[in-house]
Amino acid sequence: MKRLMTGNEAIAQGAFEAGVHYASAYPGTPSTEILENIAGYKEIIAEWAPNEKVAVESAVGACYAGARTLTAMKHVGLNVAADPFFTMGYTGVNGGMVLISADDPGLHSSQNEQDNRYYAKMAKVAMIEPSNSQECKDMVSKAMEISEKYDVLVMIRMTTRLCHSKSIVEEGNRTEVPIKPYVKNPAKYNVSPANAKQLHLVVEKKLKELEKFSNETDLNYIEWNDKKVGVISAGVAYQYAKEVFGDNASYLKLGFTFPLPMEKIKKFAEEVETLYVIEELEPFMEEQIKAAGINCIGKDKIPNTWELNPDIVKKSIFDHENDTIKYDKSIVAGRPPTLCAGCPHRAFYYQLSKKKDTMITGDIGCYTLGGAPPLNATDTVVCMGASVSMAHGAKKVFELNNDKKRLVATIGDSTFFHSGMTSLLDVVFNKGNTITCILDNRITAMTGHQDNPGTGYTLQGEEAKIVEIEPVVRALGINHVRAINPLDQKETKEALDWAYALDDPSVIISRYPCVLKKYTDLDLEEFGPVEGYCYVDQEVCIGCKKCVRTGCPAIHFMKAIKKSSISQVQCVGCELCLQVCPVSAIKVGE
Amino acid sequence: MKNTKNILLVGVGGQGTILVSKILSTGLMEAGYDVKMSEIHGMAQRGGSVSTQVRYGEKVHSPIIGLGEADILVSFETMETLRWLEYLKPEGIVVINDYEIPSAPILLGNLDYPQGVIKLIEEKADTKVIKAAEKAEEIGNQRVMNVVLLGALVKSMDLMDIDWEEVIKNSVREEFVEMNLIAFNVGVDSVTSYEESYSVN
């Protein structure tokens, strides 16, 4: 049957058809929907792990135990998981293993646009790059075969456009693959230095075999047309190249991109007059092709920053721009993302941002927006879990410099479980004095509401043990812990004042569900239903804009009459604005 | 059809552009076209500017387009039309929802919502203005304004031979089917096709 699928859905279907037994991941845009879709197949054990390193390690265990295994993450997730990933380059596999790296050219939802193809080369694992959803699906089976035949981890490198674009896929059936027997083999699976030293020789031999395979496989194929221009391309960039050159160029389309098929590339290059290498982000292929002594044109014309599209490729190579409608674009106001109306993060940051002589470290999640106007609360965002550990290091240096500045770390519940716990351990162990605020909105919100160890449900929605944050924090050695409702501004202020007065590290748990969360029975019991709305009594409003400065998208300052107004369509009745209004002009609607 | 057609849907996170592009691409696939659809999730969902692209034809390569390549720009929000207008072919069609959602800098009182957007666009391109929000409210739910716009879109693109009602039935929850079918037909009726407007003149 034919179906329109995103690349992520196609990877999941591919995992099903390839007989995958076990899959583990941590959510991260643009990779999240891979595991969400795999969760629908009862034949596959599929799990959300607390972080990417744990996901890869669980997958490694399943792979050694003989299962066909898949793990998926966003590009920066592989930084977290780099340790087991590199070791997999040495040990190889038992059951086949595929790691999906979903890169984000254009930084649609990321802190950088690193090109993870270099990871495959550095870790010495095989790499496949699909260019549409059909290939995403088919290449999972192919990757499993390669993995088992060459005893190697296969990385499938995706990009946002591939993950989130739909194209037509022909579905197939599942091939049941028996779980391989596990045989104890320390020389392969135990990378003590003596074993690893020998394994490095094995890896180099495997890479030679894989290069031979790369030259022979039909994953790397030539489309002959006019030989004046030849194009080498892979991934979604190949589709852009086809759009630009059409039938006026010959193509060497690469689906297996590490090791590169250098013999095939040489032959192709000899036949064409001008050779272009069209790739998104870094000159990964171009560098290797040039190092092999082959002339080609690549990044000297095509930018290595931001996402490509056919228009950019055309402009770079032919200096041709499409006709467009000319108009004054400067009258268009920006539309940055904002925290939702009723978001508990807004209420917490509103109170925290009033604190003077404070550095606020932020983290990865919706609450990254706590750094945006008008809250302007957080000073930094670096990576998952960094808020807690950075605050510790910064505080130590301010102390050394006799600066009394207070350090407040803000981190979400899922991010705390991901890598905030070890950071907090550092604060305790090294006699730190920071205030760690865990913004527990009862879900992994940013990536679209995935469960985590604190929510009480698994990936499949089955009930699981709820890991409570407060006992975890206490067990890590924090003596001063308070849980508050951030929508209660008085309680929030008191908790912050209490923490500022301490001379010890403390934790404030700001506990209130994401306004978009589908409440569980326990949520309903604890927080009650989401209902009501607020309105502005414009007779009373003095136009001071305090409510506007909460940044709530439901509140509009009407310049003409210098009064605030609340959209009843958007307002959910969180009552933050009501608490900040100095003249009680905001009231609860009936 | 030899040439690939490009549809660009733009709006504000939460307005339902994705449902429309899903119905659209499913219908086009079932009609035998090669189809690619591209959307952006993540940060942009939080009230930011969103865009979805649908491309269809005999063989579609790239899932996305660049500047000056859209045959039709369907804008779910008035100001967003201007943000994306440079993606339209100069001879392309604009379907614009007469519906304003102020963005953060406007809500804060730092910037004004631009005045005269619709008039400006009418001067620049072949424009059809739809009061989709009003029409949706008349139907009984403001949320179906996206399907009103879908109706206007498929009529504008001469795609009326596809059985859209069947696709809609399979794409929305049963209790909302009837309302969405009404919305779709209201959208279709709000646009006069080129031939119709020609014969009137």
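In what follows, Ala, Val, Leu, Ile, Met, Phe, Trp, Tyr, Cys and Pro count as nonpolar, Asp, Glu, Lys and Arg count as charged, and the others, Gly among them, count as polar. The model is a predicted one.

We may begin with the domains of chain A, for which the assignment gives domain 1 (2–214), domain 2 (220–318), domain 3 (344–527) and domain 4 (534–588). Between the C-alpha centres of domain 2 of chain A and domain 4 of chain A there is a distance of 56 Å.

Turning to the contact between the chains, 57 residues of chain A and 56 residues of chain B take part in it, and about 5,000 Å² is buried between chain B and chain A, with 61% of this area on carbon and sulfur atoms. Six salt bridges are found across the interface of chain B and chain A; B:Glu86 forms a salt bridge with A:Lys329, where the closest N and O atoms are 2.7 Å apart.

The second largest pocket has a volume of about 1,200 Å³, and among the 38 residues that line it, those closest to its centre are A:His108, A:Glu307, A:Asn309, B:Trp84 and B:Tyr87. The lining of this pocket takes at least three residues from each of domain 1 (2–214) and domain 2 (220–318) of chain A, while helix H14 (310–318) of chain A, strand E3 (49–57) of chain B and helix H2 (78–84) of chain B each supply at least two residues. Sorted by class, the lining of the second largest pocket consists of 16 nonpolar, 12 polar and 10 charged residues.

Terms used
Residues are numbered from 1 along each chain as its sequence is written. Chains are lettered from A and ligands numbered from 1 in the order in which they are written. This is a predicted model: local features need pLDDT of at least 70, side-chain atom pairs count only at pLDDT 80 or more; totals for chains, interfaces and linings use all residues. Side-chain values use heavy atoms; hydrogens and water are left out. On a 1 Å grid over the protein atoms alone, a cavity is a set of points where a 1.4 Å probe fits but cannot get out, and a pocket is an open set with protein on both sides within 12 Å along at least five of seven lines; lining residues have an atom within 4 Å of a point. Grid points are joined across faces, edges and corners, and a volume is the space filled by probe spheres set on the points. Helices (H or I, at least four residues) and strands (E, at least two) are DSSP runs, numbered from the N terminus. Domain bounds come from an automatic or database domain assignment. Contact means heavy atoms within 4.5 Å. Buried area is the accessible area (1.4 Å probe) that two parts lose on being put together, summed over both. A salt bridge is a side-chain nitrogen of Lys or Arg within 4 Å of a carboxyl oxygen of Asp or Glu.
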